[in-house]
Each structure stands twice: as structure tokens, then as C-alpha cells.
Number of protein chains: 2
Amino acid sequence: MTSSRTAAGTATPRGRRAGRTSGDEREQAILGTAERLLEQRAFTDISIDDLARGAGISRPTFYFYFPSKDAVLLTLLDRVVEEADADAGDLLDRLAEDPRARWRELIDRFHRTFGGHRAVVAACAQVRGTNAEVRRLWAAVMERWVQAIEAAIEAERRRGAAPAGPPARDLAIALNSMNERVWYATFAGDGPSVAERDVVDVLLDVWLAAIYR
Amino acid sequence: MTSSRTAAGTATPRGRRAGRTSGDEREQAILGTAERLLEQRAFTDISIDDLARGAGISRPTFYFYFPSKDAVLLTLLDRVVEEADADAGDLLDRLAEDPRARWRELIDRFHRTFGGHRAVVAACAQVRGTNAEVRRLWAAVMERWVQAIEAAIEAERRRGAAPAGPPARDLAIALNSMNERVWYATFAGDGPSVAERDVVDVLLDVWLAAIYR
DNA sequence: ATTGCCGTCGACAGGGTGTTGACGCACGTC
DNA sequence: GACGTGCGTCAACACCCTGTCGACGGCAAT
């Protein structure tokens, strides 16, 4: 789960050229306002005007910094993803050592990072349907999990410790889909959710049965 | 998965009183236009005016039949859910007989019914974030799957054929989350998706490992 | 001082939603 | 066969929100 530097930065040209002026503070102000507002109301109920006023600028000026409301959210998500990457550290490369403990730690950290930005995650869940950029970035995050799981499955199969079963990637996708949905339910409060403290245990149980049986 | 009669009908008062006139045709025309249009463009890109014109009425008249664009989609989803219920038949009650075959058949039928209305499912996936009614109806559908899985787990545990593991309901939720996500990917084309013909096999494999191991 | 560009905003255009008020037309009623 | 009653219908209106255009002030380099 290390290094991504995705979307937003390059995908959506920001408008401001080489910025060394105080313009950067404004951008941060907008971002800050957005996350603060998102803790109070839904993304849909926040207008560009709200964001602009919150940052102490007018609506047209907002467009100088971001091309749209969605771009703000995308940047916010980008920041969270980076944070998660940093938190995950090199744990991924040391999975083989002690699978159960490592997986648990990895999931735990992911949980902690994203749990610290519920408002952002919830907003992303909300616009996921309509915003392809958000969907793509989220898909990229998930893809890394899928690959990690796939690698674990293959390693296990090479060791001869697990039966063949379905193609490793398909199985990995299915297993990760479980995470994804459960995380959504947990972070965005969307759908039936298991008691939070038990989430990791349940996920692990199913994983281990499917991968390491 | 039998009988639901949820939302839409009662939750959203339609506006027309006791209708025996041709008003019902209009309602059907709107519904038909909606599903047809959804096969061409995204829900968001369809305006109420499009729906109205497609049904041969004016925009204000549309409001006579439905309180909003979302209500139309909800009714559409309602119809699909009813169809799925009918298709599932009594299969649910006969799960114990031959779990693997029954589960497979159940999942297959679900797949077939919803696959026949991809446009509607995709639209629901799109507004799921913003529309609580759609979310609720979908959650109700999923809840029935969760309960079925939970029952299977408990039956299996009572038989002493499977180890204790996590609480049956939590496990059921986790397993069903997998279905849900995979279905979304398959029907709505959102997210990484395994080859369609293999979906059922992969799901079943993980299930069986977790439930019947 | 002049030029140029960054940052800023007032004002406009456009497109969508939901509501209001009035108008016909098909009834059942006496 | 006039007469309400209420369904079905729509033109027009009031809003709200988004995105763009043109103008204007100021700091920086020339």
C-alpha cells in the first residue's frame, strides 16, 4: 500500500500557475472549510458559495482555485489516501512473516486512518455514483489491496498449503469486495454494519478460511 | 427472499386519488420512458422534462404522478425487487436439502433477474449515495439475504459440522457484503469485476469455506 | 512609469426544480 | 339539461445553483 500520487494533482488542472504567493493559504482555507462543513451536513447540501464564504472569498474566486466542488472533495480524498499510505509503511512487504498478525495490523491501521476522516469518506460514498474521478481513485486504493491479497493467495498455494480453488485474482477480488463493503458500512454508515470492534476479527476469519485453509 | 411490498407505494404518496381513468397509463408511460432512457444515459443526465416529454405530458403534469425524479426510480426498483421475489419462489425454504445446489440456484436467479434490469440497478447505484429511500429499499433486500445466510450458519453449527467462529449474524453480514459488492460491480459496472460466468463459483467457494468448513 | 499578470469580484446567462392558478372536460346528481 | 365536483393538464412564475465574462486593483519586474 505504498506510494500512489494519483489524480487530482495532475488530472484536474488547478488554475493557479506557479504559486508562491498567499494564494496557497486560500486553497487550504477552502479545503479546511470543506472538511469542517462536511462534518455538519451532506456534500450535496453544501454549495460552492458556502465553501467560498467559509474561506472568505467570493464564488467566482473559488473557481480560481478549484474547477468544481467535486475537485475539492477529490483533493480531500487524495490527502487521506496519502496519509493511509504513510501509515501503512512497509507492513505490506513483511506479510509473509506472520500473516494473521500482519494482516490484522494492516487492516487496523487502514481503519484508524480512514476512521479519522469519516466525513470525507461519507462524502465520497455519496458522490461515488456520479463522480468518476472519485471512483477511479478509490478503485486504485482497492486495487492495491486486491494485489496484496492475490500475492498472499499465490504464496500460500506455492507452499502447497492451500488447495487450488478459483483463480487467485478472482478470489482476491471477492475477498476484498467484502472489506470494501464492510468499510463503507462502517465509515459512511451506509448499510448493515457489524459492531465496529469486531469488524477486523470477522474479516480475518473469513480470509483465513479462504486463503490459508 | 419472499414477499416484501416495501416503500414507494405507501412511503411516497403518489398524488392521484382513486384512479380508474386513463391516468394509470400515464404513470406506466413515465415508468417506461424512464427505464428506456436509463438504457441510454445516466440517471443524473435525465431531467424531469425528458421524462415528461417522453410520456407525452408537460413537466407540471409529471408532478401529478410522481413527487420527484427519484420517486420514479424507486418505483422502478420496487418492480425489479418484486420480480426477484417471485423468481426466487420457495427456494429459500428448501436450503437445507442440498446447500450448495440450492445456494447456487438462488444466486443464479437473483443474477438473472437483476441482470435483466441493469439500467435500473446502475441508476440506483448512482443515486444510492444521495437517496435514502433507495438505500433503505436496497438494504431491505440485502437484509433478507443476510438472514438466510445467518440461518444457514446456525443450522450448520447446530449440526456440529462447523466450528463456532464469530457471531453468526456478523459473519453473515460480512459474507453478504461480498455478494453485494460483487453484484454492484457486475450489474452497475462499478469497480473491479470478475468474469461474470465465474462470479457464482467464486462466491460459493468462499461461502462454503466460511460456513460449511 | 509602464507593462503584465495574479487575485478578485459584480453581473450575467443558462438550466434545473418545484409551485401556483386557471382552464377544460367527464362525470354523477337532481 | 343545467350544475357542481374534482381529475388531469399546462403556462408562467419564483428560486437556487452552477459556470463564465469582463473589468478592476495591486505588486513585481523591466
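Leaving aside its neighbours within four places in sequence, which residues is Gly54(B) in contact with? Hello everyone, let's start there. Gly54(B) touches Thr33(B) and Arg36(B) once those sequence neighbours are set aside, where contact means heavy atoms within 4.5 Å.

A quick word on the ground rules. This is a predicted model, in which local features need pLDDT of at least 70 and side-chain atom pairs count only at pLDDT 80 or more, while totals for chains, interfaces and linings use all residues. Residues are numbered from 1 along each chain as its sequence is written, chains are lettered from A and ligands numbered from 1 in the order in which they are written, and side-chain values use heavy atoms, with hydrogens and water left out.

Back to Gly54(B). You will find Gly54(B) in helix α2 of chain B, residues 48-54. Helices here are DSSP runs of H or I with at least four residues, strands are runs of E with at least two, and both are numbered from the N terminus. Is Gly54(B) buried or partly exposed? With a relative accessible area of 40%, Gly54(B) is partly exposed. Buried means under 20% relative accessible area, exposed means over 50%, and partly exposed lies in between, using a 1.4 Å probe and protein chains only. Trp103(B) is 49 residues from Gly54(B) in sequence, and their C-alpha atoms are 41 Å apart in space.

Now please look at the DNA. How many residues surround DNA strand D? There are 15, and the closest are Arg59(A), Arg26(B), Ser58(B), Thr61(B) and Tyr65(B). A residue is near a strand if one of its heavy atoms lies within 4 Å of it. By class, that surface holds seven nonpolar, four polar and four charged residues. Here Ala, Val, Leu, Ile, Met, Phe, Trp, Tyr, Cys and Pro count as nonpolar, Asp, Glu, Lys and Arg as charged, and the others, Gly among them, as polar.

Which helices supply this surface? Both α3 (59-65) of chain A and α3 (59-65) of chain B give at least two residues each, and α3(B) has the largest share, with four residues.

Let's zoom in on some polar contacts, which are pairs of N or O atoms within 3.5 Å; within protein, one must be able to donate a hydrogen and the other to accept it, and residues adjacent in sequence count only if both atoms are side-chain atoms. Arg59(A) has a polar side-chain atom 2.4 Å from a base oxygen of DNA strand D. Thr61(B) instead reaches a phosphate oxygen, at 2.7 Å, and a side-chain N or O atom of Tyr63(A) is 3.0 Å from a phosphate oxygen.

Finally, chain A as a whole. Its secondary structure comes to nine helices and zero strands. Of its 213 residues, 52% count as buried. Among contacts with a separation of 6 or more, 69% join residues 24 or more positions apart.

Two of these helices deserve a look. Helix α8 (residues 168-188) of chain A has 21 residues and spans 29 Å from first C-alpha to last, close to the expected 30 Å, which is 1.5 Å times one less than the number of residues. In α8(A), 19 of the 21 residues are buried, so this helix is largely enclosed by the rest of the structure. After α8(A) comes Gly189(A), with a positive phi near 65°. Helix α6 (residues 118-127) of chain A is also largely enclosed, because eight of its ten residues are buried, including Val120(A) and Cys124(A).
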